[in-house]
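Please examine the sequence and the model below.

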Amino acid sequence: MRFSGFRIIAEALTGQKGWRPLWRDPDPQPAYDIVIVGGGGHGLATAYYLATVFRQARIAVLEKGWLGSGNIGRNTTIIRSNYLLPGNEPFYEFSMKLWEGLEQELNFNAMVSQRGILNLCHTDAQRDAYRRRGNAMILAGADAELLGPDQVRAMYPFLNFGNARFPIKGGLLQRRAGTARHDGVAWGYARGADLRGVDLIQNCEVTGFRIEGGRVRGVETSRGYIAAGKVGVAVAGSSSRVMAQAGMRLPIESHALQAFVSEGLKRSIDGVITFGAGHFYISQSDKGGLVFGGDIDGYNSYAQRGNLPVIEDVAEGGMALMPALGRARVLRIWGGIMDMSMDGSPIIDRTSVEGLYLNAGWCYGGFKATPASGYAFAHLIATGTPHPTATAYRLDRFARGHLIDEKGAGAQPNLH
Ligand SMILES: Cc1cc2nc3c(=O)[nH]c(=O)nc-3n(C[C@H](O)[C@H](O)[C@H](O)COP(=O)(O)OP(=O)(O)OC[C@H]3O[C@@H](n4cnc5c(N)ncnc54)[C@H](O)[C@@H]3O)c2cc1C
């Protein structure tokens, strides 16, 4: 079934009886050529590109809960490509370009909205760093503009320009950045993969790997053993737990990250704003809710919920930047589990077990990477070689010392 305006009108006139579920609900087959573990954004995108671009067949995605129950349905929906380092920027810009054509590609409304992201700076040194970052972005084919305080004031007059501690000195604007409806992205990729014959198997937890002679032969699951020629693991916050089943210890810590949404308010924030003097960022949803967040909770956890100290920290950051926020009532708070790598950059690589591939280490920022991550992981699994934009995302870079330390913060997850 193709979605179109004509289809909506036709269904409206015929009692809405023609809509069908977006994907099938198949039982697992005994064997597949390729098994993807994890039905989040990255796993679903990988399966989609494997089936479409790389013409692979007999593919299954195994998800322990329901599709989209993980971080893909919990994030604050920001997409952007405002990175500095050569290992990162081409990859995220590739992702941005895929976002720009995604809804047409998937024939699905993922509400991709290029409303812009503004990173505020509060010191001269921070402005210089943003100038450098903007130049790196432009060199990689992305867009970037450095704004002065008056230009920021014209966009967002309600920000706290009189703050003596954190004066707003300007900001780095990426106009092509923005937001996308996170679960719509999961559903769009799921539908696209299912249409190409991928089996999306929910309530199917991978509990172990069968490895013989250094090669993966299949996976043990809560629904029985499934043989597989190749296995790609894309389980985000559960990466360390799942890969431990294959005898691997990852350079990854799992931390809770929380997000907040207020009651619906009149339109006031057109784009995404990030505070440069603390960990706080905010946008406004199409329903009017202010969507905001901040730092990880800062201790290792696999619980999809956070704690009060970071709520206080986020509230302080918000009040310092936008005092009017204190008048808004918070409707919901939730959390997800971040796979925090030690340099803040991801891993898309093969492993020491032949046929077993890893996609992990997305930290706070894996949603915007969803299209490129799926594409690059599918490229690696199908061809055996890394995608040109993802060659730096090697697992052994931590042993070799070739870190992609975007923030220059070193091996400390809460600073990335
Ligand atoms: C509060 C919050 C805000 C965020 N904001 C942003 C943002 O604004 N922009 C941005 O770019 N990123 C953001 N992120 C990060 C982003 O959401 C993640 O990096 C990204 O979604 C991770 O990839 P995924 O979608 O594949 O993960 P997930 O959706 O978590 O998918 C992994 C899946 O694996 C499944 N799984 C785990 N173990 C097993 C197993 N043993 N067997 C089978 N399946 C298993 C899980 O159930 C899950 O569905 C945010 C995250 C959170 C929590």
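Predicted model: local features only at pLDDT ≥ 70, side-chain atom pairs only at ≥ 80, totals over all residues.

The buried positions of α6 are H182, V185, A186, W187, G188, Y189, A190, R191, G192, A193 and D194. Because eleven of its 14 residues are buried, α6 is largely enclosed by the rest of the structure. A residue counts as buried here if 20 or more other C-beta atoms lie within 10 Å of its own C-beta atom.

The length of α6 can be checked against expectation. The helix covers residues 182–195, and at 1.5 Å a residue its 14 residues should span 20 Å; the end C-alpha atoms are 20 Å apart, which agrees. Just after α6, G197 adopts a positive phi of about 90°.

G18 sits in the loop that runs between α1 (5–13) and β1 (31–37). G18 is exposed because 10 other C-beta atoms lie within 10 Å, and the limit for an exposed residue is 12 or fewer. Between the C-alpha atoms of G18 and R7, which are eleven residues apart along the chain, the separation is 9.3 Å.

To the contact between them, domain 1 contributes 22 residues and domain 3 contributes 19 residues. The side of domain 1 that touches domain 3 is made up of ten nonpolar, eleven polar and one charged residues.

Where does the ligand lie relative to domain 1 and domain 3? Both domains give residues to the shell around the ligand, so the ligand lies between them. In total, 39 residues surround the ligand, and the closest are G38, G40, G70, G336 and G366. The elements that supply two or more residues to this shell are α2 and β12 (252–264). By class, the shell comprises 14 nonpolar, 20 polar and five charged residues.

Finally, an unreviewed UniProt entry places the feature "domain: FAD dependent oxidoreductase" at residues 33–380. Over residues 33–380, the chain is 28% helix and 30% strand, and the end C-alpha atoms are 15 Å apart.

Conventions: Residues numbered from 1 in each chain as written. UniProt positions renumbered as here; feature names shortened; annotations may be inferred. Helix = DSSP H or I, 4+ residues; strand = E, 2+ residues; numbered from the N terminus. Expected span 1.5 Å × (residues − 1). Contact = placed C-beta atoms within 7 Å. Nonpolar A, V, L, I, M, F, W, Y, C, P; charged D, E, K, R; others polar. Near = placed C-beta within 6 Å. Domains from an automatic or database assignment.
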